Number of protein chains: 2
Amino acid sequence: MGECEVVFFPDEKKVKVPSGTDLLSAALKAGIFLASSCGGKGICGRCKVKIISGQFSAEPTGKISAEEKKNNIYLACRTFARGDIRVQILPQAKLPEGSSVVLFEKGEELKLFEVPVPEGFSFSPPTKKIFLSLPEPSLQDSVSDLERLNRALRGYGIKNPDVDLHLIRKLPQILRESNWNVTVTIALFNGQKKIIAVEPGDTSNRNFGLAIDVGTTTIVVSLIDLKDGKTVGTEISFNRQATHGDDIISRIVYAEDKEGLEQMHHLVVGTINEVINTLAYKNNVRHNEITAGVCSGNMTMIHLLLKIDPSFLRREPYTPALNFFPVLNAAEVGIRINPAGLLHVVSGVSSYVGGDITSGVLITGIFQQKNLQMLIDVGTNGEIVLGNKDWLICCSASAGPAFEGSGVKDGMRAVSGAIRSFNLFDSEKASYGVIGEVAPVGICGSGYIEIVAELFYAGIIDRSGSLLEKSSRVRSGPDGMEFVVAYGSETGHGRDIVITQIDIENLLRAKAAIFAGIRSLVGKMGIRFSEIQRFYIGGGFGNYLNIEKSIAIGLLPDLAIEKFVFMGNTSLAGAKAFLMSADARSLAEEITRKMTYLELSRENSYMEEYLSALFVPHTSEELFPSIFKEH
Amino acid sequence: MGECEVVFFPDEKKVKVPSGTDLLSAALKAGIFLASSCGGKGICGRCKVKIISGQFSAEPTGKISAEEKKNNIYLACRTFARGDIRVQILPQAKLPEGSSVVLFEKGEELKLFEVPVPEGFSFSPPTKKIFLSLPEPSLQDSVSDLERLNRALRGYGIKNPDVDLHLIRKLPQILRESNWNVTVTIALFNGQKKIIAVEPGDTSNRNFGLAIDVGTTTIVVSLIDLKDGKTVGTEISFNRQATHGDDIISRIVYAEDKEGLEQMHHLVVGTINEVINTLAYKNNVRHNEITAGVCSGNMTMIHLLLKIDPSFLRREPYTPALNFFPVLNAAEVGIRINPAGLLHVVSGVSSYVGGDITSGVLITGIFQQKNLQMLIDVGTNGEIVLGNKDWLICCSASAGPAFEGSGVKDGMRAVSGAIRSFNLFDSEKASYGVIGEVAPVGICGSGYIEIVAELFYAGIIDRSGSLLEKSSRVRSGPDGMEFVVAYGSETGHGRDIVITQIDIENLLRAKAAIFAGIRSLVGKMGIRFSEIQRFYIGGGFGNYLNIEKSIAIGLLPDLAIEKFVFMGNTSLAGAKAFLMSADARSLAEEITRKMTYLELSRENSYMEEYLSALFVPHTSEELFPSIFKEH
């Protein structure tokens with residue numbers, strides 16, 4: 001049982017591992033983040049690598065085709081080093097990193113990120129820099145160094161701020177070396193004031209903050225100038241935790257293993273820090289000049305970020321360790337900004353309705369409206385909020401990862417090469433839109449929705465979702481019946497891109513879970529769909545969503561099109577509002593306290609609603625009058 | 001330049017040091033704390049050791065007598081290891097440690113320490129333990145773990161307390177392992193509330209605090225039960241920093257050297273922790289059950305305790321790094337109590353009027369009186385406060401260490417074997433009181449005062465302090481004229497105990513500095529001595545002080561005897577009040593802000609006052625009517 005040297009190409013990254021180590025773990029140790037939806041269980045078939053040479057053993061798997069076998073392609077998670085070995089990383093298996101991620105069309109990017117912070121919020125960031133030119137001490141005026149600082153700060157309305165011992169220890173030197181001209185960074189939170197930094201000279205015009213959307217799939221960070229609230233830049237990266245599974249439950253399970261929590265924590269912190277590095281480099285900002293950050297994310301992501309055991313999130317009765325977060329120290333969490341910088345976390349309601357949803361409610365302003373409004377954020381879970389200024393109710397429907405392109409045959413994330421829209425003419429001729437305008441290599445969530453809708457319009461699937469042989473594109477494939485979305489001649493990899501009968505059933509289960517959640521909230525409150533005046537669609541998913549087709553498959557309720565509003569990344573926008581305004585910070589807490597969480601597993605009607613919603617669009621035709629009128 | 005092994009007897013403590021290391025440093029490295037008033041400069045002659053065998057070199061010194069030389073006795077600080085060496089520690093050179101210190105007569109001890117906390121202060125310690133039996137989470141009640149705790153705490157009037165991340169990380173486990181029965185420790189300070197510990201089970205009746213007097217010479221710690229404010233025990237130890245000098249200036253100078261600050265910090269923290277260990281052991285209290293401490297001490301001691309560069313304390317314009325202290329974390333300072341425990345520090349006015357004096361004002365209640373009152377605390381410096389409920393003024397007179405038994409030939413601290421009182425009959429026959437009722441080995445401050453007064457009464461010294469040959473006890477000695485206080489036949493070491501002409505001049509300078517300080521305050525405020533209604537004497541020094549004789553030599557003003565009140569250790573008592581009552585905590589701050597500091601070096605009249613006070617009792621006879629009436 002000696003050590004094996006594994007060399008990963010094309011970057012020639014070398015790593016030593018004990019004999020018997022799987023190549024997915026070896027890659028991780030080498031700092032290479034391979035895609036793995038299942039978290040290394042040999043199920044998803046994403047972590048394919050090509051063995052160039054060396055000694056290894058591999059477990060049999062159905063995920064490798066005969067042709068791939070011939071080309072020495074193996075699943076990294078099921079292949080074990082038995083000696084020195086050379087491995088080729090395949091481009092499609094590698095998680096995109098940093099700025100190489102193209103999630104959105106050019107131009108769309110800014111529109112998406114620049115969700116405006118609602119008007120009427122005060123501009124009051126949690127940190128403030130004040131330049132002080134202090135009088136030198138003399139026998140007539142020999143007050144202590146800290147008192148001299150505090151005396152000057154009182155002129156700015158800051159009385160007796162708190163201060164940490166390690167800063168006090170440096171104070172006498174800094175004050176004297178700077179000839180008593182210093183810039184003080186003050187943190188203001190929960191009615192407290194704290195001196196978090198004292199720097200020589202006048203740096204008062206260099207104060208930055210971060211709005212951080214900690215997503216299961218992607219991490220998006222905006223750098224904000226805290227002088228004026230302007231966004232300096234925004235960067236995005238895939239969450240490296242994805243190497244241990246796409247969905248929240250895989251991540252929690254992994255974190256329950258010994259060392260797992262530590263690893264998950266470091267992966268997400270590492271991703272955030274890389275994005276920060278990029279932002280800092282591109283915008284000529286030093287890490288020390290960033291004095292505050294706000295994280296918005298689902299409860300699992302936040303638990304992992306803070307290195308808190310997430311295991312009770314997935315165990316009945318699903319209790320988070322905490323849902324209101326104290327103001328943290330960035331260094332303590334591991335986030336690379338000014339070590340004394342603050343880290344805020346947006347509060348969440350429950351294990352499955354986190355701070356990202358609070359952010360959404362904050363940004364949409366549902367909680368201030370007389371009219372009823374609804375917000376939906378579709379990812380692996382569909383979080384749904386209904387309410388107005390008097391009440392708010394929310395739930396989380398477990399949709400599974402189909403809409404995120406996982407667990408479906410040719411599914412992929414909404415990145416370059418994904419089919420994101422689809423039209424079918426005369427049951428035969430197809431046209432599609434591809435992200436990045438390249439040859440397609442797979443289908444993302446919005447693409448699947450359009451495909452299912454078009455199949456339904458064309459009568460190629462029936463209301464139960466069964467593929468009917470009403471098109472030459474329908475055929476029998478290795479996994480049963482399938483519909484060819486794009487032929488190999490058109491695709492980036494030369495293979496046909498298909499949607500299978502199994503895929504369709506997966507997608508219908510996902511949409512049924514979400515629609516049943518919507519119906520449960522509405523039913524619980526005894527209202528009718530028509531009473532909902534506005535329907536917000538949040539989350540990255542929303543961007544390419546075709547509303548009519550989403551209604552057609554029964555994912556969204558049959559409301560007038562003009563009632564739907566795409567909100568883009570509400571989690572990021574909420575984090576930005578939280579960073580910029582004390583009003584937003586106190587409203588976020590108010591919203592969280594106000595929201596009633598409906599646990600769907602306790603609702604008897606939920607399963608009934610779910611079963612009814614498994615049909616296209618639904619068993620009850622009267623719920624979808626526009627569909628049955630048109631078609 | 002190899003390594004030398006130094007073995008210290010009688011404890012056979014071994015240590016390896018580079019060749020050329022002085023034996024004082026080697027002893028320190030071995031954990032042996034030798035007395036050294038001068039801090040290793042070869043001046044005080046206290047760190048005598050006997051070389052048993054081995055290779056060494058020694059610098060010449062006048063502090064070793066011919067007889068001592070014959071017995072292989074050397075000054076540790078001037079003797080350097082040149083090979084392996086065996087060294088005998090002499091009992092008189094070793095600093096007393098822990099409970100072996102007998103500072104006071106039996107019985108007096110308790111009286112001294114148990115300065116009652118003034119009545120009318122609320123009982124409100126800074127930490128509070130609350131036992132909570134929480135409802136188990138269920139699907140109907142699935143709020144987060146922290147929210148569940150906070151919900152229960154709201155029933156005790158504690159709303160949204162702060163909490164550190166590392167505690168949150170442990171919370172889910174603790175709550176479940178304890179079956180939701182936990183004891184929460186809450187810290188309350190500056191209007192803030194913080195959860196600092198969560199323990200399984202009901203430990204609410206085990207909550208302790210420490211009152212810590214951080215003195216230059218001694219460290220005194222009382223263990224207080226925070227349930228009822230009762231003192232569980234008190235222990236004392238010499239401050240191990242004394243190995244680097246007796247007085248504050250030597251300590252600051254040492255701390256200015258590289259590593260010096262770190263060493264000084266560790267020495268004082270080490271002393272405090274040893275005393276805490278003794279207290280914990282004797283009283284069956286676990287360190288974790290101690291959740292708060294309050295330190296009261298002079299500015300230099302507090303700077304060194306907190307590891308803050310003290311160098312600006314001794315440089316004009318004498319500015320401390322800070323004088324109001326944030327609530328600190330005990331672990332951060334290194335104090336061994338519950339790692340999340342609080343450490344408060346009593347605020348002080350200036351570099352030379354520290355928290356020990358604030359404590360004194362707090363305990364005496366000067367700041368609440370209509371009448372004028374004065375407080376004096378004599379150590380190396382004499383701190384003096386004058387005032388009433390309307391105003392407070394204070395100063396610090398640099399007396400030098402003579403009253404602490406340093407810089408005077410047979411001087412010693414007020415420990416067992418010190419002559420503490422003295423009477424002379426017919427210029428010849430002497431009687432004296434010795435601490436511990438043993439044969440005398442030296443003279444402490446109060447002894448010196450009585451000796452000078454008796455010499456003055458008997459006409460053996462004139463008003464300028466010159467020894468006159470009016471007693472057979474006056475003779476010429478190696479250092480000039482001297483008066484034999486105790487003959488060798490009576491003493492513990494068989495040698496004569498004397499007071500020399502130089503000693504007398506030292507003592508007169510010390511008393512003149514203090515009296516000039518008193519006069520400066522009184523003069524500044526334009527009042528007469530007779531207006532002072534009460535004169536408090538604080539500090540360990542006060543205990544044996546003979547008031548009449550102190551007036552006779554001109555140390556204290558000539559007030560009616562009944563106006564003088566001995567207060568004992570007001571620093572410790574103040575720390576205790578601060579620990580037990582929020583009123584005391586806010587009053588201490590109020591007192592500090594209210595006190596005006598008079599910098600004597602800026603007062604033109606001070607030098608004049610000092611010169612006038614160099615006489616016995618003073619040049620102005622009218623200032624001491626009782627003396628010139630009686631004698």
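Q: Why do the copies meet through the same surface?
A: Of the interface residues of chain A, 100% are also interface residues in chain B, so the two copies meet through the same surface. This is a predicted model, in which local features need pLDDT of at least 70, side-chain atom pairs count only at pLDDT 80 or more, and totals for chains, interfaces and linings use all residues. Residues are numbered from 1 along each chain as its sequence is written, with chains lettered from A and ligands numbered from 1 in the order in which they are written.

Q: How many residues does the contact take from chain A and from chain B?
A: The contact takes 36 residues from chain A and 36 residues from chain B, where two residues are in contact if their C-beta atoms, placed from the backbone, lie within 7 Å.

Q: Which elements give two or more residues to the chain A side?
A: They are helix H4 (145-154), strand E7 (162-163) and helix H5 (165-177) of chain A. H5(A) gives the most to that side, with five residues. Helices (H or I, at least four residues) and strands (E, at least two) are DSSP runs, numbered from the N terminus.

Q: And by class?
A: The side of chain A that touches chain B has 19 nonpolar, seven polar and ten charged residues. Here Ala, Val, Leu, Ile, Met, Phe, Trp, Tyr, Cys and Pro count as nonpolar, Asp, Glu, Lys and Arg as charged, and the others, Gly among them, as polar.

Q: What rotation superposes chain A on chain B?
A: A rotation of 180 degrees, with 0.0 Å of shift along its axis, superposes chain A on chain B at an RMSD of 0.1 Å. That is the relation of a two-fold axis. In chain A, the C-alpha nearest the axis belongs to A:Gln192, at 4.2 Å from it. The superposition is by least squares on the C-alpha atoms of residues with pLDDT of at least 70 in both copies.

Q: Switching to domains: how is chain A divided?
A: Chain A has domain 1 (3-94), domain 2 (127-200), domain 3 (235-345), domain 4 (355-401 + 508-630) and domain 5 (404-505). The bounds come from an automatic or database domain assignment.

Q: What separates the centres of domains 2 and 3 of chain A?
A: The centres of domain 2 of chain A and domain 3 of chain A, taken over C-alpha atoms, are 32 Å apart. Their contact takes seven residues from domain 2 of chain A and six residues from domain 3 of chain A.

Q: Now helix H10 of chain A: why is it largely enclosed?
A: Ten of the ten residues of helix H10 (residues 355-364) of chain A are buried, so the helix is largely enclosed by the rest of the structure. A residue is buried if 20 or more other C-beta atoms lie within 10 Å of its own, exposed if 12 or fewer, and partly exposed in between, with C-beta atoms placed from the backbone. Just after H10(A), A:Gly365 takes a positive phi of about 80 degrees.

Q: And H11 in chain B, how many residues does it have?
A: Helix H11 (residues 445-457) of chain B has 13 residues and reaches 18 Å from its first C-alpha to its last, close to the 18 Å expected at 1.5 Å a residue. The expected span is 1.5 Å times one less than the number of residues. Twelve of the 13 residues of H11(B) are buried, so this helix is also largely enclosed by the rest of the structure.

Q: What covers the buried residues of H11(B)?
A: The cover includes strand E19 (418-425), helix H12 (501-524) and helix H13 (547-552) of chain B. Just after H11(B), B:Gly459 takes a positive phi of about 75 degrees.

Q: Last topic, sheets: in what order do the six strands of the open sheet in chain B run?
A: The order is E12-E11-E10-E13-E15-E14 (chain B), with mixed pairing. Two strands pair if DSSP finds at least two bridges between them. The edge strands, strand E12 (231-238) and strand E14 (328-329) of chain B, each pair on one side only.
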